[in-house]
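Here's a quick briefing to read alongside the model. Keep the sequence and the 3D view open while you go through it.

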Amino acid sequence: MKSLISYIQKHPVHMLLFAIPVSILSELLHWQPIWIFGFSALAVVPLAALIGESTEALAAYTGPKIGGLLNATLGNAAELIITIMAIRQGLLELVKASITGSIIGNLLLVMGLSMLLGGLKNGIQKFDRQQAANHAVMLVVVIVALIIPSFFSHSIGAEGSWGVESLSLGVAAVMIALYIAGLIYTLKMTRSPIAVASVAVETEVSRHRKPSQAIAVLTLSTLGVVVMSEFLVGSVEEVVVSLGVSEFFLGVILIPLIGNIAEHLVSVTVAVRNNMDLSMEIAVSSSLQIALFVAPLLVFVSLLMGNPLTLIFNRFELLALGGGVVIAAMVAFDGESNWLEGATLLGVYLILGIGFFLLPTGG
Amino acid sequence: MKSLISYIQKHPVHMLLFAIPVSILSELLHWQPIWIFGFSALAVVPLAALIGESTEALAAYTGPKIGGLLNATLGNAAELIITIMAIRQGLLELVKASITGSIIGNLLLVMGLSMLLGGLKNGIQKFDRQQAANHAVMLVVVIVALIIPSFFSHSIGAEGSWGVESLSLGVAAVMIALYIAGLIYTLKMTRSPIAVASVAVETEVSRHRKPSQAIAVLTLSTLGVVVMSEFLVGSVEEVVVSLGVSEFFLGVILIPLIGNIAEHLVSVTVAVRNNMDLSMEIAVSSSLQIALFVAPLLVFVSLLMGNPLTLIFNRFELLALGGGVVIAAMVAFDGESNWLEGATLLGVYLILGIGFFLLPTGG
Amino acid sequence: MKSLISYIQKHPVHMLLFAIPVSILSELLHWQPIWIFGFSALAVVPLAALIGESTEALAAYTGPKIGGLLNATLGNAAELIITIMAIRQGLLELVKASITGSIIGNLLLVMGLSMLLGGLKNGIQKFDRQQAANHAVMLVVVIVALIIPSFFSHSIGAEGSWGVESLSLGVAAVMIALYIAGLIYTLKMTRSPIAVASVAVETEVSRHRKPSQAIAVLTLSTLGVVVMSEFLVGSVEEVVVSLGVSEFFLGVILIPLIGNIAEHLVSVTVAVRNNMDLSMEIAVSSSLQIALFVAPLLVFVSLLMGNPLTLIFNRFELLALGGGVVIAAMVAFDGESNWLEGATLLGVYLILGIGFFLLPTGG
């Protein structure tokens with residue numbers, strides 16, 4: 001009992017594992033969709049955290065190079081699973097909104113919270129300007145690449161037409177190629193914009209564990225996310241109708257939070273510990289992985305699943321992506337942060353949230 | 001007589017005070033609206049200068065902290081009064097145009113002139129890159145926040161609908177909250193992006209004066225601005241028709257000049273004296289105050305007045321705001337300026353001016 | 001024979017001079033337009049290279065100041081001639097596309113290739129951050145100025161109307177004035193954003209030659225470009241139809257490559273030799289010259305020719321210009337480059353290329 005209490009004190013997020021059985025129960029007993037949605041969402045949080053922790057533990061055994069690769073591919077596993085489930089249900093708009101939401105969540109919410117709390121604790125925080133600038137450049141370039149197809153699509157054809165599908169596939173192929181280039185770069189260089197040096201994170205926040213144990217936890221928690229995502233996605237449409245919020249709001253604000261909150265906490269924690277370099281790196285790398293790996297992978301996977309997803313974002317998503325990346329780049333080039341800057345980033349996130357909340361349900 | 005001449009030599013702008021009686025005369029005698037407009041516009045210039053000088057004088061007595069607060073709230077008093085008068089007349093488009101115009105006037109015209117004249121006099125001018133970068137980051141973030149509602153509004157509803165009004169009020173509330181956060185930051189830190197250390201300005205350009213005298217001048221000149229704004233705004237519509245210029249041109253180019261020209265002169269003067277840090281700070285702080293304080297305050301005040309102003313800008317205003325802020329941020333991150341850079345900023349301002357001038361009167 | 005071989009080894013591009021007679025033959029014998037187009041395009045490449053080399057040789061005699069001026073005016077001679085020929089044929093959309101294409105070709109393709117190949121050879125490459133930042137600031141400001149009229153034009157009037165024509169002429173006049181200011185700046189300062197210090201390029205890549213010989217080569221190769229451009233432009237429309245590619249693709253991707261490939265090679269070569277400063281300078285200066293000199297000159301020349309060209313770009317061109325300049329500015333402010341950054345720039349160029357390729361022929 002005592003060890004359970006001490007375990008929970010160390011891993012408060014794991015307490016949410018209780019939501020797994022409740023969620024299964026709610027599905028079996030056909031409760032109101034809002035309950036199924038709520039409990040399965042809660043259950044994803046600790047499962048995503050476990051995936052992250054076991055990836056870190058594995059990375060600690062494999063060394064920084066392979067660890068970086070593991071991190072770069074498994075780092076967004078929960079998010080990837082949820083979105084694949086959503087594609088299967090044909091919820092393509094939700095998926096695109098959640099890609100957007102993941103990126104701005106990292107760049108505005110997480111960076112903002114990190115700078116606000118880190119700044120209140122530590123005053124003005126400096127970070128390696130060159131390192132941050134390198135990452136910011138990659139980020140800006142990748143986001144520009146991501147938003148190009150949306151501008152061209154209307155003149156090329158309707159969504160789903162041959163031309164638009166070719167454009168999306170072409171862009172996805174270029175993105176994946178850049179992602180592979182980034183992985184190669186990771187293997188050669190000590191620091192890469194795509195993969196955070198996992199050892200750095202590990203010594204900061206995670207604990208040692210045997211590799212076999214890590215693999216077991218990884219497998220089980222991945223399976224758990226699959227089941228929970230199934231429930232989550234299955235109840236989304238009814239939740240949208242019953243709550244009266246727009247699908248965009250759910251996709252941009254709520255869904256990304258569920259899959260990433262554990263990672264977000266790490267970023268904020270290290271900022272409070274005055275390791276602003278690592279905090280910025282986590283937020284930027286995570287955004288890069290989504291743009292370069294998750295989004296294009298979904299384009300290909302969705303094609304195989306017969307529900308082709310295109311990379312055509314609507315103008316609200318474009319504004320959020322464009323605004324978010326410009327702000328993040330400025331902040332990174334700046335070389336230092338303070339709580340006022342953090343508060344301002346949160347203010348922009350809040351304003352975007354108000355906008356998405358007020359959008360009509362129909363879209 | 002001699003002392004009057006020496007007074008005018010020191011304060012050439014005060015010579016324009018003669019326009020006050022002429023303006024009142026022109027209103028009473030029902031001259032052509034263009035004359036009423038012209039003389040009341042001329043009269044605002046020295047009155048705004050007097051407000052600025054007496055604020056500085058008060059700030060010199062209260063010390064830098066409170067002085068910063070005074071500056072941050074009274075710095076745009078003339079502008080605030082003119083726009084409130086315009087809201088009372090229902091000239092909402094004019095008000096939004098003048099918010100835009102104040103911001104780009106500071107970022108393009110004033111920075112451009114400062115760099116051009118300062119550079120011609122002093123060659124390449126360096127400034128504190130870190131300080132400038134900090135301010136530029138705040139500026140970019142705030143302007144992104146300011147332009148978000150305009151993108152969302154069309155899908156949320158018509159101007160004046162419940163949704164759009166909620167969006168504007170929400171954004172205004174966030175802005176005001178950030179402004180208050182900025183004021184708190186000012187009280188804790190020596191330098192803040194929102195309030196220029198007023199003592200710095202004071203030693204550069206203004207003169208000591210007793211506080212009671214300063215308060216008297218402040219009150220009288222504020223009253224003067226109220227009366228002159230009344231005349232100015234009352235004649236605007238007829239001037240637009242008779243001159244054939246668009247309301248946008250008047251709002252973006254002329255109105256902001258009238259209210260800010262005294263402050264602009266200070267910025268240019270200190271640049272010529274090779275204090276580029278202070279010059280940049282005045283221009284950026286002034287823009288921040290308008291975005292974070294004047295604009296949201298007008299949203300709330302206009303609601304109380306029954307003529308609700310929204311923060312929905314048209315695409316010309318968005319382009320001007322977006323372009324202006326990107327340019328200003330680049331220039332600030334650069335860390336040095338030269339006359340060619342200044343000339344280029346003025347070129348962009350001129351091109352925007354041509355564009356607004358050529359817009360049809362109807363809008 | 002041996003000297004011919006050694007000559008070709010030194011100047012491999014000159015081998016393409018063989019295309020001149022073939023191109024003339026193809027025109028006289030009325031071959032398929034695609035052959036005429038192909039051979040005249042090939043022939044322009046070495047001719048543009050010869051113009052560049054003889055300009056450099058002249059510059060070496062005149063000293064850096066005048067040399068800079070020569071470079072700034074003759075550096076884009078081939079491009080200027082092709083576009084004037086295209087205006088004479090009324091191919092205004094092609095001309096605007098090729099202005100866009102020249103700028104993004106320099107900022108994405110050339111910078112990308114330089115960083116990729118330079119980085120693979122030399123690892124992380126550093127360059128003078130201050131110098132690069134100065135140039136980037138000019139570039140951003142100028143591109144913002146260039147895209148302003150496009151936003152205003154729709155509300156001002158139809159393309160070709162009095163208002164839109166005034167707007168274009170006004171902007172062109174401001175641009176030319178800034179260009180002249182830039183030339184004056186060149187004569188006073190050692191380094192200017194508009195003219196690359198030609199001596200630096202000369203010692204790196206070109207060879208000494210007598211001035212009389214240089215003038216002769218310059219004249220002959222200019223004449224050659226005139227004739228080849230005539231053929232090239234004369235066959236464009238039939239090529240567009242027979243290949244089924246859009247006029248935009250030809251204008252944005254192919255035409256700029258033809259006129260600039262020699263200059264592009266210089267930029268990449270010096271990057272591989274680890275002179276990243278010069279490589280960046282060539283790419284940025286060339287973009288600035290096109291925006292400040294070539295584009296406005298074409299506006300005036302086209303008016304005299306009775307086929308008035310406006311500076312109204314479509315939204316694909318605006319996206320390409322805006323995205324390209326933001327990326328280039330970020331990269332320049334960064335202060336260092338690596339092969340992954342280069343690969344990413346090429347990725348963006350490729351994605352833009354896919355977009356322009358997929359646009360329907362009708363436009």
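In which helix is C:Thr100 found? C:Thr100 sits in helix H6 (residues 92-122) of chain C, where helices are DSSP runs of H or I with at least four residues, numbered from the N terminus. A heads-up before the details: this is a predicted model, in which local features need pLDDT of at least 70, side-chain atom pairs count only at pLDDT 80 or more, and totals for chains, interfaces and linings use all residues. Residues are numbered from 1 along each chain as its sequence is written, chains are lettered from A and ligands numbered from 1 in the order in which they are written, and side-chain values use heavy atoms, with hydrogens and water left out.

**Around C:Thr100**

- C:Thr100 counts as buried because its relative accessibility is 0% (buried means under 20% relative accessible area, with a 1.4 Å probe and protein chains only).
- Its side chain reaches the backbone oxygen of C:Lys96 at 3.0 Å.
- Setting aside neighbours within four places in sequence, C:Thr100 is in contact with C:Phe313, C:Glu317, C:Ala320 and C:Leu321 (contact means heavy atoms within 4.5 Å).

**Helix H2 of chain C**

- Helix H2 (residues 19-28) of chain C has these buried residues: C:Ala19, C:Val22, C:Ser23 and C:Ser26.
- They lie on the same side of H2(C) because they cover an arc of only 100° around the axis (the arc is that of the directions from the helix axis to the C-beta atoms).
- What do they pack against? The buried residues of H2(C) pack against helix H3 (33-62) and helix H10 (211-243) of chain C.
- Just after H2(C), C:His30 takes a positive phi of about 55°.

**Where chain B meets chain C**

- The contact takes 31 residues from chain B and 32 residues from chain C.
- The two chains bury about 3,000 Å² between them, 81% of it on carbon and sulfur atoms (buried area is the accessible area, with a 1.4 Å probe, that two parts lose on being put together, summed over both).
- On the chain B side, B:Met330, B:Leu340 and B:Ile351 lose the most area to chain C, together 22% of what that side buries.
- How many salt bridges link chain B and chain C? The count is zero (a salt bridge is a side-chain nitrogen of Lys or Arg within 4 Å of a carboxyl oxygen of Asp or Glu).

Definitions and conventions. Buried means under 20% relative accessible area, exposed over 50%, partly exposed in between (1.4 Å probe, protein chains only). Helices (H or I, at least four residues) and strands (E, at least two) are DSSP runs, numbered from the N terminus. A polar contact is a pair of N or O atoms within 3.5 Å; within protein, one must be able to donate a hydrogen and the other to accept it, and residues adjacent in sequence count only if both atoms are side-chain atoms.
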